[in-house]
Amino acid sequence: DEFDALKNKAGAAFKILLSSYSDAHEQAVHKKELIEGDGLGQAELVRKRGALRSLKKQVDFKISQGENYRQLFFFALLICLYSFSVILVRDTAKSYSVETSLLNLMYQPLMEKQHLEHSDVYTFLNHIVEATFRDPVCGDGVCDSPLEYPGFGGVGCVADCGKRENISNVFFLAEDPNVPSGQKEMDQPIYKMAEQVNALPDFRWNVFLNSTQSFLFEEDQAVVSGEWREFQVPDDQVILCLFHRNHLYNKVATPSSMAIMLNLDPSTVPPAPETSNHLYGGFTEAIAWSAWVKTNLHMNNPPPNMTRNPGLNDGLAYGVGYTFGTSNPGRPISFLGVYSQCAVAESLIQAATRNGKCSHGNIVWTQEEKCYDSSMWQQAWAASCPSCRTFEIREHTNPGDPVPPVKPPQAPTRPVTPGNNLIGAILITQLRRKGKPCVPDPEDCDDWCQHNLKALGSLFEDQWCQDDELSSEPFGIDPMFLTTSPLFDGRITSYTFFYNETELSPDSRLPYGFFSSPYTFPKDPDFDYPNSEDGVPHYRTYLDARMTSKQARRAISFLQEGKYLSNATSVVDVEFGTFNPQHQHFAWCKASFEFGTGGLIEATFRVESFSLDDLAFNVTEGTLTVIITLLCLRMLYGEVLEMSTLWGEGRMWEYFTNVWNVLDIITIVFIPASLVNIIASGFTLRAALESATEKGVPRVLGNIEAVARIFGTNLEEEMNFLDLRHKILMMVEESQNGRGWLAVNMLLLMMRLFKMLHFQGRMGLVTRTFSNSASDIGHFTLIFGCVVVMYAILAQLMFGTQMPEFTHLGQSMMMLVHTTLTLGIQDYNRMLHMTPRTDYITTIFWLTFIFISTVVLLNIFLAILVEGYTVVKETATNSETLIGGYAETLSHDLREGQESLLSLFCGLLRRKKGSRFVSNKRMEQLLQAWLWHMDTTVDGAPPSEDARREEGGRVIRLSDGEEMSEKALMMTLLELIGEAPEKILSYKKRSWLGKSK
């Protein structure tokens, strides 16, 4: 009854409303009829307009909520797709496996060290070498190429790989004129005398193989007169060398004593060699042997009528003779060389004399009125007594033909950790500082400085401090030439084969061990990433992957014995790259040792990696990128519409002053851009990596078998290695930058998610809680910050000298925040240990800070949030749930789509649509039009210029451009009311009709 009465009442009013007038007079008559006739009264009409406005607000709210739910849905879809794309960017499980294994390897040797020393750097290097350079065991039944290969003699692995083909038997037969056949050396009087005067020569021999660039025997072989030694060598040049281990000259026999013993002109006696070595056939050793051993032997058994040194009667003789040749089975013995001991004939000795006694007066051989010029002897000696002789073995190949390599040319696989193989070499880099006197410059010294200099001047004397400028001067020493070093190799006859004059120390005349390499790296037009090390004077040394375990350990000993670390050392970096072929994963490891001027050595370890799969482009990633881009374009379209609306209203600046709007624009642009950047950089970096490795893995060292200057590099190969290293590091950096960009985008998405959830009564609790509590949180942050800063300064003063957590103010503040959240009992115990004399002050410091920061301030912060949450929660009690809101929006959208399809179908069949469903948008248009007419009627506003007379009353233009008459509009609303009376009951509850009956 109530509904019918209302409908009849409205119908009477609508009949009057449907009559239209063309001027103000007719409108006034219309208004009078409306008020005085059968229609509603003026007050009732105004009340009805208010109810319609309330209804329109509800419809507008529903429209807004529906749009918000739709945007939230698409935004949630964007988050899901973008998160899936981020997951596809990197396989974190594989990366974790690779990086953790390498980090554990680097941490292991120094885990328990609190304070590092120079020796710990070598300990770390030896640990890496021990883990990486593991040689296969010969005899295990497996031929592990290339470290194991078909062998001969002591070269290669015969047990696992078999014998090398096309090898020749050669022999070495030594003959000592002082040892009769069938007798032993130590049974001879001359050697007994040599033993008495500590002058046994200890002759050795060895064979250097040109094909392996190494000696055939690991240890030099003792020369035994009359012993037939047979061994095998490949076709190639072989160099047979004799060595003299125990030198007489300048040890037992001095130049002056030799001049006296042999009546030599002292001015012609050659000086001692600049470097000690095992050189065989030295002229100085020949005259020392004759002057000391032979002379003492003859003095014990002097011949009659002795007028001069009897050791010169048979000429100047020294050393052993030998025969070298081939002795292949089934073939006659071939003598490649037969050599007697080194000697200068007696006739040449006599020819090098002058009459008259020497300057020393011939005090031993006084009856001899001659003085010998030993320089003339030396000229004849040099051509007759070489230390090494070269022989060409061509039993299986023709002269000039290439010789098959003995060792396989490829580098061995060196797993640093299981599955992660070393790339090329381990790089050891050092930066050094120039030295300067520690005494302050008087011109830059104030009064206090002058006072200290005067009082403590003796402490500054002869002291050198590090300068800020990097050094590029050579330093250290090559220990292969240092007689006190266990690495000393006397077989190296001269350093001139390895170093030039500018590479020798002016003080010791020994070669430097380490040289700077301030390289200028060529620019790659296809890889626009400049090398930061361009022109920097780094001291680079390498542990080549081709080295054996013994050679790698020797290289570390070279660093240690050569004084690689000193007070001028600033930073030492140990770097190596690995590749995991199963996961196609690159990793670059770096251990950095920083040498502080205060004596502290700090070690940091870092592993960075990327996978080739990270650089690959697949269909899934491309599809996701396209969908994400389309979703972002949809979001951008909404932002553009909002900006155009504000532009039309002249309030464009309001858009950009809103932080959330700026955040929206940044998010929309950054998300697709980050994915496109990853795809584009993947193509670029992969092409650069392929170009860097197209020549294979670089072989950095020139000769891993080098007996001196063992870190000498092949410049082209070294530059290739450094270029590969640079590109790997740039790929790692790009990978990290890309992941960092993705991380920033995820944070932006999270912030925008909070903004988008703000419209939902229940889901917006977080943002509204912080919004309501923003002022209190700001004041709390100020107080908490002041407390932390003040205590951080105090902690730095008390504990900063021994606890690294409090060394710097920033670290100290972070440590105190950590203590606030965790109470830090262990830290307190460490503080007590560091301050045994002021432990009571430490206790007061810790208790007061815990009480203020944790007990008081932290609980106040929680109280602020709880209070804000309580207020917000009360306002959201009657709010709809997220699921309910989505259900209503989905139901409405499905019905609207259904009606659209039905309208299209009916239009094609030219039939009238039976359903009277009105969408929220349509309802909003109808209510807007109705309110316009009521405003015109009640307020007397003139009709718009677009209104025109047509059948059915004034034409009303809706917001979407559709035109309909007032009559059609009213009938639509009445039909809607008649179709769904339950809607009126629901609206009555929302007070849009009031309490009318």
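A helix here is a DSSP run of H or I at least four residues long, and helices are numbered from the N terminus. The model is predicted.

A382 is found in helix 11, which covers residues 374–382. Is A382 buried or exposed? The cut-off for exposed is over 50% relative accessible area. A382 has a relative accessible area of 60%, so A382 is exposed. Now look for G281. A382 and G281 are 101 residues apart along the chain. Their C-alpha atoms are separated by 8.5 Å.

Next, turn to strand 13, residues 388–393. Its side chains alternate between two faces. R389, F391 and I393 point to one face and are buried. Strand 13 has a partner in strand 6, residues 236–244. The two strands pair in the antiparallel sense, over six bridges.

Now move to helix 24, residues 839–875. Begin with its crossing by helix 20, residues 765–772. The two axes come within 8 Å and cross at roughly 120 degrees. Angles of 65 to 115 degrees count as roughly perpendicular. Helix 20 and helix 24 are therefore oblique to each other. The crossing of helix 20 past helix 24 is right-handed. Which residues of helix 20 make the contact? They are L765, R768, T769, F770 and N772. Helix 24 contributes L865, G868, Y869, V872 and K873. By type, the residues of this contact of helix 20 with helix 24 divide into five nonpolar, three polar and two charged.

Helix 22, residues 809–822, also crosses helix 24. Here the axes come within 9 Å, and the crossing angle is roughly 65 degrees. Helix 22 and helix 24 are therefore roughly perpendicular to each other. Helix 22 passes helix 24 in a right-handed crossing. From helix 22, the contact uses L816, T819 and T820. From helix 24, it uses F845, W846, F849, I850, S853, T854 and L858. How many residues in the contact of helix 22 with helix 24 are nonpolar, polar and charged? Six are nonpolar, four are polar and none is charged.

Terms used
Residues numbered from 1 in each chain as written. Predicted model: local features only at pLDDT ≥ 70, side-chain atom pairs only at ≥ 80, totals over all residues. Heavy atoms only, no water. Buried < 20%, exposed > 50% of the residue type's maximum accessible area, 1.4 Å probe, protein only. Pairing = 2+ DSSP bridges. Axes fitted to C-alpha atoms, helices over the stretch in contact; angles between N-to-C directions. Parallel < 35°, antiparallel > 145°, perpendicular 65-115°, else oblique. Left-handed = near helix turned anticlockwise from the far one by under 90°. Contact = heavy atoms within 4.5 Å. Nonpolar A, V, L, I, M, F, W, Y, C, P; charged D, E, K, R; others polar.
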